Amino acid sequence: MSDDDYSATVLGSHWISGPPERADVAPDRVDGSVLRFGPGVTAAAVAPFPVVPGPAVARRRGGLRRYALAAAVLVAVLACLGWQRYGPGIAVRDVAVTTDPAGPACGGAADVVAVVRTNGRPGTLTYRWIRSDGTRSETLTERVPRGRQEASLHLLWTFQGAGNYPAKAQLELMEPTRRTSAAAEFTYRCAP
């Protein structure tokens, strides 16, 4: 290429090697593969419409309002999750005690079942069984996980020998609330 083919204002795409471009100087306009530099080309000459900068201050003030709804939703979700995790504990709604009213067979055992309905919160039930023969179980506990709304508490009462014995098993719920009215009655019958 000769010096006559070189132009300072028009650079062809075939011109690959040349002086390195300065990063701080941007071209005023790009026309295909032609870059134009210089003070004679302004933004007003390039744009087909007048260039008017927008108010930057108004955009900054609206930014807080734009995120207010998202922030309110986030706070509401966090409050709901906190209430579920750290809100009130387990509460008992109902207690029912049942067994086979016919009673166990000779030398058999009666399975007395107490169904405790809860509010679905996690917690521990503390209870004991009181039998009509004068015995009481030791204090027992049942761990209820989150979401489970029923807990089944079993008493296995074994009988031996001949005779008739009217029996009553009562659940004494000590924690979270005290309820002693749930009981089941049956008769053990064994003929000699």
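What follows is a short chat about a predicted model of one protein chain.

Trainee: What should I know before reading this model?
Mentor: It's predicted, so local features need pLDDT of at least 70 and side-chain atom pairs count only at pLDDT 80 or more, while totals for chains, interfaces and linings use all residues. Residues are numbered from 1 along each chain as its sequence is written, and side-chain values use heavy atoms, with hydrogens and water left out.

Trainee: How many helices and strands does the protein chain have?
Mentor: Two helices and nine strands, taken as DSSP runs numbered from the N terminus (helices H or I, at least four residues; strands E, at least two).

Trainee: And in what order do the elements run from the N terminus on?
Mentor: β-β-α-α-β-β-β-β-β-β-β.

Trainee: Which strands does β5 pair with?
Mentor: Strand β5 (residues 123–131) pairs antiparallel with β6 (residues 140–144) over five bridges, and six bridges join β5 to β8 (residues 163–175), also antiparallel. Pairing here takes at least two DSSP bridges between two strands.

Trainee: Which residue is the bridge partner of W129 in β8?
Mentor: L171. On the β6 side, L125 stands opposite E142.

Trainee: Switching topic, is L69 buried or exposed?
Mentor: Exposed, with a relative accessible area of 63%; the cut-offs are under 20% for buried, over 50% for exposed and partly exposed in between (1.4 Å probe, protein chains only). L69 lies in helix α2 (residues 56–86).

Trainee: How much of the protein chain counts as buried?
Mentor: 22% of the 192 residues.
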